[in-house]
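Trainee: I would like to go through this two-chain model with you. Please put it up.

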Amino acid sequence: MISGLDVIWRNLPFLMIQGFLGFGQFVGGTIRLAIPAIVLGFLLGIFIGLGRLAPQPWIRIPATLYVEFFRGVPLVMVIFWMWFVVPIALHRPIPEFWVALTAFVIFEAAYLGEIVRAGVQSVARGQVEAATAVGLSGTQTMLFVVLPQALKNMIPSLVTQFIVLFKDTSLASIIGFMDLTKAAQVVNNREVRPFALYLFIAVVYWVCTYSMSRYARYVEQRLSPA
Amino acid sequence: MNYTFNWSVLWTGESGRWLLSGLIVTLELSALAWLLALVLGIVSGAFRTVQFRPVRALATFYVEFFRNVPLLVWMFFWYFAVPPVLPEPIREWMFDHGLEFWAGVLALGVYSGARFSEVLRSGIQSIPKTQMEAAAASGLTTFQAYRYVILPVALRLIIPPGTNESLNLLKNSSVALTISVAELTFQTRQIETYTAKAIEALTAGTVIYLVLCLGLASIMSWIERRTAIPGLITGGGRRR
């Protein structure tokens, strides 16, 4: 057990700087994938979530199908879809980073969309009526009255989903993206110290996700009326 | 890269057999992991309500550590890191009986058990304390109170999040392909490798997953509607 620490120490720059942060000779990085995936996935999720609530059936039905489809399929499957189909559609090979990012954004937007929908539905009906009464247009009502309040209600579920997404980024290693998991695999192939290496990256992931979940709980307590 | 479709690769050659055996492995893996997760979820959930502090701390550690680390890392951990430190006879047995399958069951079951634990806990916590007090006041024994008052409500409350977590487990079983368990996603990739027809193979796998997940979800939402208590549990049949 203790003898495992030297393998971590020797490979720490590779694991953390290349694998976790994403700087070095390979394109990679858990953080470098997770942050754009969270931001873009949330933006797409807002459109999907609002689409699910649209009065027009030609917007509502495709948005509903989108959500039901991606929630019925494993993420691994979606990653393979992107890996094979995006190069065929664009007629050229695509780097793993873009394949993984596309897969995560499209997949997570289905889950984030449901959170946005629930958040918007949690805003009191009178708020919309009041906004209409003071003369705001539909878009203005959504942007300046409904969404800001909905966002506040959504924060705990959003952070929970961001934690899920953060953990899911490890699956990018399946198509060869050099994230923390792949970096540990590479070191393990050379040094064969699986116990120390996989336990170490488990702890690194845990520190990130657990602090995010503590933050979610803190926000939840602060926002709850009491 | 021009792509010509050839859907016949799905019903010629070995494809059909591969898909079927992949489906069976996915179901076996998920069912065994589900049972393990249920036991671990109930035990750790119960441990978290015990007065004795070390037991409570152990259960909390299990739940918080295992559910907050990616499943893929657990797959590698149980497959590569655990067998070398096991006693010889157990290791022999595992190597003889498909090490990757059992490592997959352990990884998926232990990971999902931590998630089930949270579902059970929030289900039980959502029952008001007064229910138990009212049951005692009307002369029921503790066993009767659980059998006729607490459990009938708790089990119904747990159906929607429990279904959701069980479907997550089923979908997550696809991660076992990383330790070469020959489940459905693995077999889909196999068809792609042999026929070079990626879109056809992925479509077949995707449709099977969709039918499984949406089918199970609609059965469970039917059960939920059938067992709903009027006026107590609202919002019939939505997942999540």
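Trainee: Which residues of H4(A) are buried?
Mentor: This is a predicted model, in which local features need pLDDT of at least 70, side-chain atom pairs count only at pLDDT 80 or more, and totals for chains, interfaces and linings use all residues. Residues are numbered from 1 along each chain as its sequence is written, with chains lettered from A and ligands numbered from 1 in the order in which they are written. Buried means that 20 or more other C-beta atoms, placed from the backbone, lie within 10 Å of the residue's own. In H4(A) that holds for Leu75(A), Val76(A), Met77(A), Val78(A), Ile79(A), Phe80(A), Trp81(A), Met82(A) and Trp83(A).

Trainee: What do the buried residues of H4(A) pack against?
Mentor: Helices here are DSSP runs of H or I, at least four residues, numbered from the N terminus. The partners come from both chains: H8 and H9 of chain B, and, in chain A, H3 (57-71), H5 (96-121) and H7 (138-168).

Trainee: How many residues of chain B are in contact with chain A?
Mentor: Contact means C-beta atoms, placed from the backbone, within 7 Å. On the chain A side 28 residues take part, and on the chain B side 31.

Trainee: Which element gives the most to that side of chain B?
Mentor: Those giving two or more residues are H2 (53-67), H3 (71-81), H8 (184-195) and H9 (198-227) of chain B. With nine residues, the top contributor is H9(B).

Trainee: Where does pLDDT stay under 50 in chain B?
Mentor: pLDDT is the predictor's confidence in each residue, from 0 to 100, and chain B averages 88. It stays under 50 over residues 234-240.

Conventions. Two residues are in contact if their C-beta atoms, placed from the backbone, lie within 7 Å. A residue is buried if 20 or more other C-beta atoms lie within 10 Å of its own, exposed if 12 or fewer, and partly exposed in between; C-beta atoms are placed from the backbone.
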